[in-house]
Amino acid sequence: RPVSLAYLVFTCALLIWGRDQRWMQRVVFYSVALDVLAATLILHALPGASIGIAMSLLVNLTTAAIILPLPRAMLLAVLASLALLVEHVLRLVEDRPSSTPVEIGLFIICYIALVWFGNQQGVRVRENQVLADQRGAEVANLYEINELIIRRLRTGVLLVDQNDTITLANEAAIVLLGEDSAPEDGSLPPLPQALAQRLHRWRQGWDHDPGPMRLGASSLEIQPRFAR
């Protein structure tokens, strides 16, 4: 009972401390070290639950190995292994029932192996995350570059969705459409009816290339070209 109550108090304190992401690795290390200490004391008090308590540490150590660097994770595995050995020796000295050396050895091997495996998985996940962030940044940069190139083109460029709504327009296209056609809120103007009719005919497979056209009150003639 004293071990359980102390374990509860320290766990709550670590839970509050761990809310700050800056201390995550430190909190994880101390938390699992506390788990090992509490498990060792409970093992000594409850000899009949030795297998279950020793197995429960496998989850804690593996989870910590995913987050912590390999040296710290291995240190926790070594501490857990030493705790099992010390508790085993104490039981032999006190002539109390104890696990067999084979069971102790298997647990030690599992601790070390799962810590190594968990750490490798954590490293792989972090590398993939860094790579994904880099690719995302590259895509964002390419999008900004393309948008800048399109904006600086002398040729007017409109990107229109399936509902004939303009989703992108460069400065030259806005001038050709007529500045008076742009809404006051700064959003993109609607697609002119005459241009929408030509777009509709092009979507229907009409290959004939008509001549230039005028849009609205503008005196400029434009020659529409369409591409998917």
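The model is predicted: local features need pLDDT of at least 70, side-chain atom pairs count only at pLDDT 80 or more, and totals for chains, interfaces and linings use all residues. Residues are numbered from 1 along each chain as its sequence is written, and side-chain values use heavy atoms, with hydrogens and water left out.

Start inside. In soluble globular proteins, nonpolar side chains tend to be buried together. A nonpolar core here is a set of buried Ala, Val, Leu, Ile, Met, Phe, Trp, Tyr and Cys residues joined through side-chain atoms within 4.5 Å. Buried means under 20% relative accessible area, exposed means over 50%, and partly exposed lies in between (1.4 Å probe, protein chains only). The largest such core has 25 residues. Leu61, Leu68, Leu76, Leu84 and Tyr111 have the most contacts inside it. Four helices, α2 (24-45), α3 (50-67), α4 (70-93) and α5 (101-152), each supply at least two residues of this core. Helix α3 gives the largest share, 7 residues. Helices (H or I, at least four residues) and strands (E, at least two) are DSSP runs, numbered from the N terminus.

Leucine 76 touches Phe29, Val32, Ala33, Leu61, Ala64 and Leu68, leaving out residues up to four places away in sequence. Contact means heavy atoms within 4.5 Å.

Now look at asparagine 119. This residue sits in helix α5. Beyond its neighbours within four places in sequence, asparagine 119 is in contact with Ala65, Ile66, Leu68, Pro69 and Leu70.

Next, leucine 195. It lies in helix α7 (residues 193-203). With residues up to four places away in sequence set aside, leucine 195 touches Leu158, Met213, Leu215, Pro224 and Phe226. What separates leucine 195 from methionine 74? The two are 121 residues apart along the chain, and their C-alpha atoms are separated by 69 Å.

Turn to the charged pairs. The structure holds 2 salt bridges, each a side-chain nitrogen of Lys or Arg within 4 Å of a carboxyl oxygen of Asp or Glu. One joins aspartate 164 to arginine 203, with the closest N and O atoms 2.7 Å apart. Aspartate 164 lies in the loop between β1 (158-160) and β2 (166-169) and arginine 203 in helix α7, so this pair ties together parts that are 39 residues apart in sequence. Aspartate 164 is partly exposed, at 29% relative accessible area. Arginine 203 is partly exposed at 29%. Another salt bridge joins the side chains of arginine 214 and glutamate 221 (3.3 Å, N to O). Arginine 214 is partly exposed, at 48% relative accessibility.

What of the cysteines? Cysteine 12 is partly exposed at 38% relative accessibility, and cysteine 110 is partly exposed at 34%. A search of the whole structure finds 0 disulfides, a disulfide being a pair of cysteine sulfur atoms within 2.5 Å.

End on the surface. Leu142, Ile145, Ile149 and Leu153 form a nonpolar patch there, with about 360 Å² of accessible area together. Patches are made of residues with over 30% relative accessible area and no salt bridge; like charges are joined within 9 Å, and nonpolar side chains (Val, Leu, Ile, Met, Phe, Trp, Tyr) within 5 Å. Accessible areas come from the Shrake-Rupley method with a 1.4 Å probe; for residues, only the protein chains shown count as cover. Isoleucine 149 is found in helix α5 and is partly exposed at 48%.
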